[in-house]
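Look at the structure first, then read on.

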Amino acid sequence: MTGRSVVTIERHIIEEERRFPQATGAFSDILYDIALAAKLISAQVRRAGLGDILGQTGTTNVHGEQVKKLDEFAHDVIFRAMDHGGHLCMMASEEEEEIIQIPPQFETGNYVLLYDPLDGSSNIDANIPVGTIFSIHRKISSAERGSVEDVLQPGFKQVAAAYVLYGSSTMLVYTTGRGTHGFTLDPSIGEFVLSHPQMRIPSPGKTIYSINEGNARHWSEGQRRLVEHLRGFDGELSEPYSARYVGSMVADVHRTLLYGGIFMYPADSLNPSGKLRLLYEAAPMAMLVTQAGGRATDGERDILDIEPESLHQRVPVYLGSDASIETVRRFVSEGARSPVTR
Ligand code: AHM
Ligand code: MG
């Protein structure tokens, strides 16, 4: 025994709430429900490969990608964990084309939940970590059961963001705007226990860059020069960066939070807005990284400042330590955006 007290996520949420005497408890209830959904998904992800759970469903989602059974399972688990609490006015999921209404038999409340149920799901069959991402906004419209303006809010208005990483252990990392805190699921007691309080992204930290270099031939000149710089080819760095790329954003961002460096999914000539979705992936991760002392940009704007125009909008993403985002600014500028031709 170390004699240190164990802080479960429930206790952490209660203690956070006590700082706000006017709090109704609604927000805490939402966070509990998210933690429950995370445990349910984790239990199923841990069984991936057993029985009939792996493989395609044969359907495609709104992005034209094949939907896996675990994606659907995770989407449904979250919806069913969150639909009846009376605190949400609507939801939106990366797996669902339209805004999701709260079923009419349930009360609605003052918050909106956006989520990516199983991010990086193309990795599931290879037993590579996947994750879930959550973003919570306060309702701003006067419509009782919410409206599109409640969902299309810029990232700086998020009241909370979280991800769950189903890695070598399951971790839930969340922020309510007062730092970024990580909890590890102890499977023996079924509780998320505080393991990483007040996470701070090391700066400069380990110099790791993370990007899908298979897309290099489609990059802009600025992007190509940025990666050449990180690899030490321009001779400016005394030590070049190392490369790490899981291909699951949650895992790549988690490593970046712990070790430092930079994660990138840039625009390229084939995908002028990049791949990642502003509302379900970029904005919540930007809040978590920013609350840990890092930054997130699309190359020009802070991701948290971007006003969303549509539900499934994509955005180029660079996130990491302050120093590494400064380097992005130097290389990925307006003038250097022409696609690479060689
Ligand atoms: P998904 O939401 O369909 O799983 O796609 C998002 C994932 C991210 O987790 C990851 O950063 C990226 O796609 C990897 O894309 P690529 O395979 O093009 O490198
Ligand atoms: Mg995703």
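## Helix pair and sheets

Helices α2 and α3 cross in a right-handed sense. The model is predicted. Helix α2 spans residues 26-45 and helix α3 spans residues 69-82. Their axes lie 9 Å apart, at an angle of about 155°. Angles over 145 degrees count as roughly antiparallel, and α2 and α3 are therefore roughly antiparallel to each other.

From α2, the contact takes in I30, D33, I34, A37, L40, I41, Q44 and V45. From α3 come L70, F73, A74, V77, I78, A81 and M82. By class, the contact residues are 13 nonpolar, one polar and one charged.

**The eight-stranded sheet**

Eight strands make an open sheet with mixed pairing. Their order is β4-β3-β5-β6-β7-β8-β9-β10.

In β7, L165 stands opposite G131.

Helix α3 also packs on this sheet, where it touches β3 (88-93), β4, β5 (111-119) and β6. Helix α6 (residues 249-259) packs on the sheet too, with β5, β6, β7, β8 (170-175) and β10 as the strands it touches.

**The five-stranded sheet**

Another open sheet has five strands, in the order β12-β11-β13-β15-β14, and its pairing is mixed. Strands β12 (242-243) and β14 (295-297) each have a single partner strand, so one side of each is left without a neighbour in the sheet.

Strand β11 (residues 208-210) pairs with β12 in the parallel sense, over two bridges. Which residue of β12 is the bridge partner of Y209? The partner is A243.

Helix α5 (residues 221-230) lies across β11, β13 (262-265) and β15 (317-320). Helix α7 (residues 278-291) packs on the sheet as well and touches β14 and β15.

| α3 | β5 | about 160° |

Conventions
Residues are numbered from 1 along each chain as its sequence is written. Chains are lettered from A and ligands numbered from 1 in the order in which they are written. This is a predicted model: local features need pLDDT of at least 70, side-chain atom pairs count only at pLDDT 80 or more; totals for chains, interfaces and linings use all residues. Side-chain values use heavy atoms; hydrogens and water are left out. Two strands pair if DSSP finds at least two bridges between them. Helices (H or I, at least four residues) and strands (E, at least two) are DSSP runs, numbered from the N terminus. Contact means heavy atoms within 4.5 Å. Axes are lines fitted to C-alpha atoms, for helices over the stretch in contact, and angles run from 0 to 180 degrees between N-to-C directions. Angles under 35 degrees count as roughly parallel, over 145 as roughly antiparallel, 65 to 115 as roughly perpendicular and the rest as oblique. A crossing is left-handed if the near helix is turned anticlockwise from the far one by less than a right angle, and right-handed if clockwise. Ala, Val, Leu, Ile, Met, Phe, Trp, Tyr, Cys and Pro count as nonpolar, Asp, Glu, Lys and Arg as charged, and the others, Gly among them, as polar.
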